[in-house]
Amino acid sequence: MLFIYYPKCSTCIKARKWLDEKGVKYTARYIVEENPSYDELKEWFAKSGLPLKKFFNTSGMLYKEMQLKDKLPGMNEEEQLKLLATNGMLVKRPIVVKDKTVLVGFKEAEWSENLTK
């Protein structure tokens, strides 16, 4: 299982603590040092069943600086995925990738259901 995080993110800290407390084994990947690629994002988006907007860190400074709230509606899926692949700070985190499951953000109930079976 892959756990993609940003160390200064309070939600990522909570999620990592939760994984450790539950004894869930994972490989941690620091999103700034190793940003998800276009191909990874495309695959994760397809597996997640989520709208692509859920992959954007809408509360991040970069998202706001780039005025993506206004620009995203005019972009197609491929353009959005390519944009996400340019900078890890645009990507919502944490992300967990396990087999056919992709979870974006930390919701304890959702993680319990999908990761502790």
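The following legends describe close-up views of a predicted model.

**View 1. The four-stranded sheet.** Four strands make up an open sheet, arranged in the order E2-E1-E3-E4, and their pairing is mixed. E2 and E4 are the edge strands, each of them pairing on one side only. From one strand to the next, the twist averages 15 degrees. E1 and E3 run antiparallel and are joined by three bridges. Isoleucine 4 has isoleucine 95 of E3 as its bridge partner. In general, the strands of a sheet pair through backbone hydrogen bonds, either parallel or antiparallel.

**View 2. The hairpin of E3 and E4.** Strand E3, residues 95–98, pairs with strand E4, residues 101–104, in the antiparallel sense over four bridges. Opposite valine 97 stands valine 102 of E4. The two strands form a hairpin, with two residues between E3 and E4. Aspartate 99 is in the loop between E3 and E4, and its phi is near 50 degrees, a positive value in a residue other than glycine. Most residues other than glycine have a negative phi. Aspartate 99 counts as exposed because its relative accessible area is 63%, and the cut-off for exposed is over 50%.

**View 3. Helix H2 and its buried side.** Helix H2 spans residues 38–48, and its buried residues are Leu41, Trp44, Phe45 and Ser48. These residues lie on the same side of H2 because they cover an arc of only 100 degrees around the axis. An α-helix has 3.6 residues a turn, so residues three or four places apart point the same way. The face turned away from the buried side of H2 carries Asp39 and Ala46, which are exposed. The cover over the buried residues of H2 includes strand E1 (2–5), strand E2 (27–30), helix H5 (77–84), E3 and E4. Glycine 49 follows H2 and has a positive phi, near 75 degrees.

**View 4. Helices H1 and H6.** Helix H1 (residues 10–22) packs with helix H6 (residues 108–115) at an angle of about 35 degrees, and their axes are 12 Å apart. The crossing of H1 past H6 is right-handed. On the H1 side, the contact is made by Ala15, Trp18 and Leu19, and on the H6 side by Glu108, Trp111, Ser112 and Leu115. Of the residues in this contact of H1 with H6, five are nonpolar, one is polar and one is charged.

View 5. Three bridges join the antiparallel strands E1 and E3. H2 packs on the sheet and touches E1, E2, E3 and E4; the direction of H2 makes about 95 degrees with that of E4. H6 also packs on the sheet, where it touches E1, E3 and E4. The direction of H6 makes about 165 degrees with that of E4.

**View 6. Backbone details in two loops.** Proline 94 is found in the loop between H5 and E3. The peptide bond leading from arginine 93 to proline 94 is cis, with omega near 0 degrees. Most peptide bonds are trans. Glutamine 67 lies in another loop, between helix H3 (61–65) and helix H4 (68–71). Its phi is near 55 degrees, which is positive in a residue other than glycine. Glutamine 67 counts as partly exposed because its relative accessibility is 49%.

Key. Residues are numbered from 1 along each chain as its sequence is written. This is a predicted model: local features need pLDDT of at least 70, side-chain atom pairs count only at pLDDT 80 or more; totals for chains, interfaces and linings use all residues. Side-chain values use heavy atoms; hydrogens and water are left out. Two strands pair if DSSP finds at least two bridges between them. Axes are lines fitted to C-alpha atoms, for helices over the stretch in contact, and angles run from 0 to 180 degrees between N-to-C directions. A crossing is left-handed if the near helix is turned anticlockwise from the far one by less than a right angle, and right-handed if clockwise. Contact means heavy atoms within 4.5 Å. Ala, Val, Leu, Ile, Met, Phe, Trp, Tyr, Cys and Pro count as nonpolar, Asp, Glu, Lys and Arg as charged, and the others, Gly among them, as polar. Buried means under 20% relative accessible area, exposed over 50%, partly exposed in between (1.4 Å probe, protein chains only). The arc is that of the directions from the helix axis to the C-beta atoms.
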